[in-house]
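Work through the exercises below with the sequence and the model at hand. Each task is followed by a solution in steps.

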Amino acid sequence: MSIVYLNMVFLIMLCGDVLLRKVYFPLMIIQIVGSFGIFCMWLKVFYWCRIFSSLAYYVKLIVQTLADSAPFMLMCLIILIAFGVFFIGVD
């Protein structure tokens with residue numbers, strides 16, 4: 001249900017700026033909220049693909065693959081943060 005609220009907030013922000021012709025929200029904030037809303041909607045569509053028996057196996061396979069690769073993704077994130085902290089410290 002929170003995805004619906006997120007999309008409603010996006011539409012209110014966008015329509016408020018466009019219809020009233022005044023900048024109440026910066027364009028970057030509207031784009032970020034819209035991007036999260038669209039991403040969440042695609043995840044929901046992906047989840048609903050499990051209804052069809054021919055797709056359920058592949059959805060389960062992709063979810064299991066992502067779950068198994070989570071430690072590797074965490075390690076990559078830690079390495080990227082370590083390099084980022086180094087470059088922030090250089091300034």
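**Exercise 1. Find which residues Asn-7 touches, leaving out residues up to four places away in sequence.**

Solution. Asn-7 touches Gly-37, Ile-38 and Met-41, where contact means heavy atoms within 4.5 Å. Asn-7 itself is found in helix 1; helices are DSSP runs (H or I, at least four residues), numbered from the N terminus. Asn-7 and Ser-69 are 62 residues apart in sequence and 30 Å apart in space, C-alpha to C-alpha.

Before going on, note that this is a predicted model, in which local features need pLDDT of at least 70 and side-chain atom pairs count only at pLDDT 80 or more, while totals for chains, interfaces and linings use all residues. Residues are numbered from 1 along each chain as its sequence is written, and side-chain values use heavy atoms, with hydrogens and water left out.

**Exercise 2. Check the span of helix 1 and list its buried residues.**

Solution. Step one: the expected span is 1.5 Å times one less than the number of residues. The 19 residues of helix 1 should therefore span 27 Å, and the end C-alpha atoms are 26 Å apart, which agrees. Step two: Ile-3, Asn-7, Met-13, Gly-16 and Asp-17 are buried, where buried means under 20% relative accessible area, exposed over 50% and partly exposed in between (1.4 Å probe, protein chains only). Step three: helix 2 is among what covers these buried residues. After helix 1 comes Arg-21, with a positive phi near 55 degrees.

**Exercise 3. Decide how the buried and exposed residues of helix 2 are arranged around its axis.**

Solution. Step one: the buried residues of helix 2 are Ile-30, Val-33, Gly-34 and Gly-37. They lie on the same side of helix 2, because they cover an arc of only 100 degrees around the axis; the arc is that of the directions from the helix axis to the C-beta atoms. An α-helix has 3.6 residues a turn, so residues three or four places apart point the same way. Step two: Met-28, Phe-36, Phe-39, Trp-42 and Tyr-47 are exposed on the other side of helix 2. Step three: the cover over the buried residues of helix 2 includes helix 1 (2–20).

**Exercise 4. Classify Met-73 as buried, partly exposed or exposed.**

Solution. Step one: Met-73 lies in helix 4. Step two: its relative accessibility is 45%, so Met-73 counts as partly exposed.

How values were computed. Helix = DSSP H or I, 4+ residues; strand = E, 2+ residues; numbered from the N terminus.
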